[in-house]
Amino acid sequence: MADERGTHDHDHDHNHDHDHDLTFQPNIEDGEPGRYELMTYAIRELVMEKGHLTPEELRAAQEKVESLQKSDGAKIIAKAWTDPEFKQRLLEDGNAALAEVGVDAGAAKMTVVENTDDVQNVVVCTLCSCYPRAVLGMPPDWYRSKSYRSRVVIEPRKVLSEFGTDVPDDMTVRVHDSLADLRYLVIPRRPEGTEGWSEEQLAAIVTRDTMVGVANPSVS
Amino acid sequence: MSGNFAPGDAVKVISTHPPGHRRTPYYIRGKTGEIERVCGEFANPEELAYGFDGLPKKTLYRVRFKQKHVWADYAGLETDTVDVDIYEHWLLPA
């Protein structure tokens, strides 16, 4: 999908193989622009030239996406943990429940799945990098990596263990491949030892990765 | 247009490999699963990708597949699943 490709979102990896050879902080523009970057620049210029989008509109759209880095996810999960009726609404109609707390999930269908004592859910987009950006901001690099996208669907237990998440042998693993118009949010299991906690306290232990399902919240 | 399938129905993903912007991954083509839920109707992303209007809308389903069925040497439980969102035109009754 066009909007899933940032200018640096190629399939190869910029950072992992050669950083240790560098003695200086590289600039993002240091590499030669690739074919897709050049195409992106060209299309951007054309779209502006023809008046379909103004520079201000583009800037505002970028600002909106990038400012989503501070995610609403944790507070939504904390509310779901403390308000069973809200949780039920989230599971039944994610978009409507998110709207209640002021989150516009857009046209995508927010599909909320719940980790239980018997089930661990984990989310992937094997085709590109579909991700619930309206709730969680930009996807992490690992989520967009070819390795994660190809492996988590084939050997989820092994991939989860590499994230430090060992799924018990008697717990079902459900992988959710988010491909077109669905976006997923995982409600993690509320850990023991958090009884009586406020929503703020609870939100502090809900991290991004727990809402993608590769980790579980813990009380340290 | 309302969907042809209801939750619990057994469905088979058609095994075809047309060129183009397809939203059904290769690994699930030809596999049999069960409708987990009906997600609603959406403009067809396979048409939208080329600037068409994607109409008429197509019904989108969440289809649940057993991992042991999808991958011959899957290491995990019988109950492990992969849930994939698939448009109606990729599905046949099974």
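Modeller: A residue is buried if 20 or more other C-beta atoms lie within 10 Å of its own, and exposed if 12 or fewer do. By that count, 30% of the 94 residues of chain B are buried. Please bear in mind that this is a predicted model.

Colleague: Why is C39(B) called partly exposed?

Modeller: C39(B) has 19 other C-beta atoms within 10 Å. Burial requires 20 or more and exposure 12 or fewer, so a value in between is called partly exposed. C39(B) lies in strand β2 of chain B.

Colleague: What does C39(B) touch, leaving aside its neighbours within four places in sequence?

Modeller: Its contacts in chain B are L60(B), Y61(B), R62(B) and D85(B), and those in chain A are K109(A) and L182(A). A contact requires C-beta atoms, placed from the backbone, within 7 Å. As for the C-alpha atoms, those of C39(B) and Y61(B) are separated by 5.3 Å, although the two residues are 22 places apart along the chain.

Colleague: What makes β2(B) and β3(B) a pair?

Modeller: Pairing requires at least two bridges. Strand β2 (residues 32-42) and strand β3 (residues 58-66) of chain B are joined by seven, so they qualify, and they run antiparallel. One of the bridges sets E34(B) against R64(B). β3(B) also pairs with β4(B), again in the antiparallel sense and over seven bridges; there K66(B) stands opposite T81(B).

Colleague: How do you know that the sheet crosses from one chain to the other?

Modeller: β3(A) (residues 172-177) is joined by four bridges to strand β4 (residues 81-87) of chain B, and the two run parallel. Two bridges would be enough for a pair, so the strands count as paired across the chains. In this pairing D177(A) faces V84(B). On the chain A side, β3(A) is joined to β2(A) by six bridges, also in parallel, with H176(A) as the partner of V123(A). The order of the seven strands is therefore β2(A)-β3(A)-β4(B)-β3(B)-β2(B)-β1(B)-β5(B).

Colleague: How many residues does each chain bring to the contact, and what kinds does chain A supply?

Modeller: Chain A brings 17 residues and chain B 18. Strand β3 gives the most on the chain A side, with six residues. By class, that side has eight nonpolar, three polar and six charged residues.

Colleague: What makes the fold of chain B agree with a compact globule?

Modeller: For 94 residues the globule rule gives a radius of gyration near 12 Å, and chain B has 14 Å, which agrees. Its C-alpha atoms fill a box of roughly 40 × 30 × 20 Å along the principal axes. Chain B has two helices and five strands, in the pattern β-β-α-β-α-β-β along the sequence. Among its contacts between residues at least 6 apart, 58% join residues at least 24 apart.

Colleague: Why is α3(A) called mostly covered?

Modeller: Seven of its 10 residues are buried, namely G73(A), A74(A), I76(A), I77(A), A78(A), A80(A) and W81(A). These buried residues pack against several elements of chain A, including α4 (84-92), α5 (94-100) and β4. Strand β1 (residues 109-114) of chain A is also mostly covered, with five of its six residues buried. β1(A) is joined by six bridges to β4 (residues 182-187) of chain A, in parallel, and T111(A) stands opposite Y184(A) there.

Colleague: Which residues touch the most other members of the largest nonpolar core?

Modeller: Of its 59 residues, they are I77(A), V122(A), V124(A), V186(A) and I86(B). Helix α3 (residues 73-82) of chain A supplies the largest share of this core, six residues. Beyond four places in sequence, the contacts of V124(A) include Y148(A), V152(A), V153(A) and V175(A).

Technical notes: Residues numbered from 1 in each chain as written. Chains lettered and ligands numbered in written order. Predicted model: local features only at pLDDT ≥ 70, side-chain atom pairs only at ≥ 80, totals over all residues. Contact = placed C-beta atoms within 7 Å. Nonpolar A, V, L, I, M, F, W, Y, C, P; charged D, E, K, R; others polar. Rg over C-alpha atoms; globule rule 2.2 N^0.38 Å. Core = buried A, V, L, I, M, F, W, Y, C linked by C-beta atoms within 7 Å.
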